[in-house]
Amino acid sequence: MGLSKGPGRRTRTPRRRGGARQQPRSSTGPAPPRRNRPPCISAPRLGRPRPPRRRCSSLAARECGRKVRRGGPSGSSSASPSSMPARPGSPGAERSRGAASLSSESPAAGGIGVNHIYIMENQVTDSSEERTFQYQSSLPSLPVPVLAESLKKYLDSVKPFLNQEEYQRTEDIVKKFENGIGKDLHQKLLERARVKRNWLEEWWLKTAYLDARLPTQLYYNFGGPGPYLEHYWPVKEGTQIERGSYSVWLILKFWEQLRTETLSVQKADNKPLDMDQFRMLFCTCKIPGITQDSIVNYFKTESEGECPSHVVVMCRGRIFAFDAVFDGHILSPPELFRHLAYIRKRCDNEPEGPGLSTLTSMERTQWAKARDYLIDLDPRNLSLLEKIQSSLFIVSLDDSSPQATAEDYTEITKLTLVGDPTVRWGDKSYNFLMFSNGVFGSNCDHSPFDAMVLVTLCTYVDDKIFESEGRWKGSDKVRDIPWPEELVFRLNQKVRNDIAHAKEQYNKQVSDVQVVNYAFTSFGKTLIKKHKLHPDTFVQLGLQLAYHKHHGHPASCYETAMTRRFYHGRTETMRPCTMEAVEWCKSMLDPSFTVSQRKQLMLKAFAKHDKLMKECQNGKGFDRHLLGLLLLAKEHGLPVPELFLDPAFSKSGGGGNFVLSTSLVGYTKVGGAVVPMVPHGYGFFYRIRDDRIVVACSAWHSCAETDAEELCKNVFQSFHEMLKVMASAQL
C-alpha cells in the first residue's frame, strides 16, 4: 500500500438526513460540579445518500423507526435512581457493557452487565437463520417492580451508611411514602407502563444524559484502549496508517453486518436480548441545545433504505471526509490506506487547522450558543456540521505515542478519555482513535448506547486481526476513487476565540484526571471459579474491602446491571455495598475473627450480591423505579417527596452520588474507563480473563482523599487475601 500522488474527483456532500422536530424541554437547572447521573452488501444502496426523512414528533419517531431521538426514545444506561445517571459504560460510562450467548458468568455488569458478558466470549458471527433486529417486536415490556419490594430493598441499601437513629428516621419516611404519595405515584407509573413498552427509556435518555449541562465529553463519555498490541500489533512507530486502514476496513465490515442484519442476535439463557442500541453505533451524533441536547441518528438497514456511508477523518485540527463505499463496495484496506496517507501527508506538510472540534468539549449551553453562532455566520457551516453528524464514525489521526503493554495500559487509556480535543468530535457516538505508534482506542458519547455495543465491535475487530495475523491478505489493487475532501468552515475571530477558550478550559479540566490501568496477573476467572465463586462478585467484594482498608469506612457503590432482556432495555443500578459485604470487610480487618468465620461471612456477601444482580437483570431493581416515581411527581407539579430529600438518599448514592462508579466490561480483552461520578469518588472499570483481571481506575487529583494508584494496589492485595481465605478454610 502506498501514497497516491494527487487528488482526483472529490466526494460529493450528501444531503442532510432529516428527522424528528426539535422539542426543547425545560431544564432542571445547572448541573452540580459532579456527574449527575453508561456478507455481501447490496452496495449500490449503501453508496447513495439517504433522502431527507419527514419530520415527526419524538413519540411518532418510534413508529417511523426511531431514526431521530430528541429528549425521547432510547433506553436506560448506567446510573443511579434519582434524576442522575451513572456511567458507562462505559465505555460507560457511564457510563456505561454486553454480549452474544450468555456464559456462566451471569450477574451483569455496568456498561456491560455480567450477564451480557456472554457476548464477550462468543461474538459477532454470521447467521443466515436469524436477522439482527428480528426479535425486537416480540421482546417483553419493561416491568414495573412491586412498590413494597423496591422500598424494602432501598432500606436495606441505606443501612451501611446510617446509625440506628438515622435509620429509624429514614424507615419512618419510607413508610409514610409507601402509604401516601408513593402509592399514588406508583399507580400513575403502572398507567404509564400500560401504554409504553418501556416506561423508562424516554425519561432515562433525557434525565441521565440530554439534560446534562456539564462538558459531556469529559464527564460522560467513555473511552478505552484496543487490545491488539497483545498479539500481532505491539507498539511500533510508523504503523499508524497501515494498521489503521485495516482496522477501519474491519469496522466497516461490522457496519455492513448491521446494514444487512447478519450480526448475530445476542442472547441470555437462549432468549434474545434487545439489539436496538446497535442501531446507534454508526451515523449518530448528539446536538447541543440551550437547555437540553438532542440525538440525531441516520442509520438504516438495507431493507429500510439508504444510509450515509462517509467517514470523517480528523488530523492536526483539520477535518476531511470521504465515502467508504464506491461502486457498491466498501473500500479495501489498500484504498483506505491511500486516503488516510493522503490526509496524513497533507497535514504533516501544511499548517495546522483551527481545531473546531474542541468546541464539543465545552459546557453544553456554551457549545449550543457557539454552534448557533457558527451556523448564522455562514449557511455552509450548517451543511458541514451535518456531514460530520451523519458520518459513519470519526477517524482520529492522533500524534500522541502512548506506551502500553498487556500489563499496563495506563497511558493509552488516559488518552482515550482526555486526549487531544482537536482530533475528536465529542458528540459523535464513535471516535476511532489511531495513535502515531500503531496503538488504538475509542471515545464514545454515552447517550445513545452502553459500552457493550462498543465491546462487541472491538472484540470483532480483535478476533479478525488475530485470525489474519494482523495483515491484509487480499488484493493490493486500488480503484480510481475520489480523493478525500477537506471540510473548511468559515470562521471569524470570535469563533477562533471560542476555540482557544474551550481548549484552555479543557486542558485545565483534564489535568485533574488521574487514571491507572493495570493487570492483576496472579490468577483470573479460572481459579476463582474453581472455588465456586462468581468472578464479577469476586472483584466487587475485593473493591469493597480495598476501599474500606484505604478510607476506613464503606462506600456507596454503583454497578451496572443489564436489562436488555426487555424491549429497549439498557441498565439498572445494582448496589454492591450491602450489609453482608460490610460485615465481611470488618471481619477481614479484625484479627479476632478466624479464617472459617471470615469465609462464612464472605460467602454470605457473595450470595447477597448474586441475588441482587439477578433481580436487577430481571427488572426487579429499585433505583430506576424510584427515579420514575420522582419524575412523575415533578411532571404533575407535586412537591419532591421527602424520601428524595432525606440525607440517607444521597449518602447511599442516590441522585448520582455514588462514590464508586463501577462496571464489568466483560470476559474479553477489550477494556474501558470513565471518570468518577463525584469529586471524592472513583471510576472503576474492569475486565476478567482466565488468567488475569485488568482494572482501570480513575480519580481526581484535586481530591486529597482519593488516589487511584493506591486503591488499585489495595484491590489487588484484597484479591490475594480473599483467595487465601478460601484456600485456608478448605484445609
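Student: How do the residues of the lining of the largest cavity divide into nonpolar, polar and charged?

Tutor: This is a predicted model, to begin with. The lining of its largest cavity has six nonpolar residues, five polar and two charged.

Student: How much space lies in the largest cavity?

Tutor: About 90 Å³. The lining is made of 13 residues. Leu 142, Trp 199, Glu 572, Gly 619 and Arg 624 are the closest to the centre.

Student: Which elements give two or more residues to that lining?

Tutor: Strand β20, residues 571-574, and helix α20, residues 623-635.

Student: Stay with α20. Is Asp 623 buried or exposed?

Tutor: Buried. Asp 623 is found in helix α20, and its relative accessible area is 0%. That is under the 20% cut-off, so Asp 623 counts as buried.

Student: How far is Asp 623 from Gly 655 in C-alpha terms?

Tutor: The two C-alpha atoms are separated by 9.8 Å. Along the chain, Asp 623 and Gly 655 are 32 residues apart.

Student: Now β20. What is the strand order in its sheet?

Tutor: The order is β18-β23-β22-β21-β19-β20. This is an open sheet of six strands, and the pairing is mixed.

Student: Which strands are at the edges?

Tutor: β18, residues 513-520, and β20. Each of these edge strands pairs on one side only. The twist from one strand to the next averages 20°.

Student: In what sense do β19 and β20 pair?

Tutor: Antiparallel, over four bridges. Strand β19 covers residues 557-562.

Student: How far apart are Glu 559 and Ser 663 in space and in sequence?

Tutor: Their C-alpha atoms are 5.4 Å apart in space. In sequence, Glu 559 and Ser 663 are 104 residues apart.

Student: Why is β21 largely enclosed by the rest of the structure?

Tutor: Seven of the seven residues of β21, residues 660-666, are buried, so the strand is largely enclosed by the rest of the structure. β21 also pairs with β22, residues 682-688, in the parallel sense. Six bridges hold that pairing. Leu 660 stands opposite Tyr 682 in β22.

Student: Change of topic. What is the order in the open sheet of seven strands?

Tutor: The order is β5-β16-β15-β14-β10-β11-β17. The pairing is mixed.

Student: Why is one side of β5 and of β17 left without a neighbour in the sheet?

Tutor: β5 (222-225) and β17 (485-486) stand at the edges, and each has a single partner strand, so one side of each has no neighbour in the sheet.

Student: What about β10 and β11, parallel or antiparallel?

Tutor: Antiparallel, with six bridges. β10 covers residues 310-315 and β11 covers residues 318-323. Val 311 has Phe 322 as its bridge partner in β11.

Student: And β10 with β14, parallel or antiparallel?

Tutor: Parallel, with four bridges. Cys 315 has Leu 397 in β14 as its bridge partner.

Student: How many residues of β14 are buried?

Tutor: Five of its five, so to speak of cover, β14 is mostly covered. Ile 394, Ser 396 and Asp 398 point one way from the strand, and Val 395 and Leu 397 point the other way. All of them are buried.

Student: How many bridges pair β14 with β15?

Tutor: Five, in the parallel sense.

Student: Last one. Which strands does helix α9 lie across?

Tutor: β10, β14, β15 and β16. Helix α9, residues 240-259, runs at about 160° to β15.

Methods. Residues numbered from 1 in each chain as written. Predicted model: local features only at pLDDT ≥ 70, side-chain atom pairs only at ≥ 80, totals over all residues. Heavy atoms only, no water. 1 Å grid on protein atoms, 1.4 Å probe; cavity = no way out; pocket = protein on both sides within 12 Å on 5 of 7 lines; lining within 4 Å. Points joined across faces, edges and corners; volume = space filled by probe spheres on them. Nonpolar A, V, L, I, M, F, W, Y, C, P; charged D, E, K, R; others polar. Pairing = 2+ DSSP bridges. Axes fitted to C-alpha atoms, helices over the stretch in contact; angles between N-to-C directions. Buried < 20%, exposed > 50% of the residue type's maximum accessible area, 1.4 Å probe, protein only. Contact = heavy atoms within 4.5 Å.
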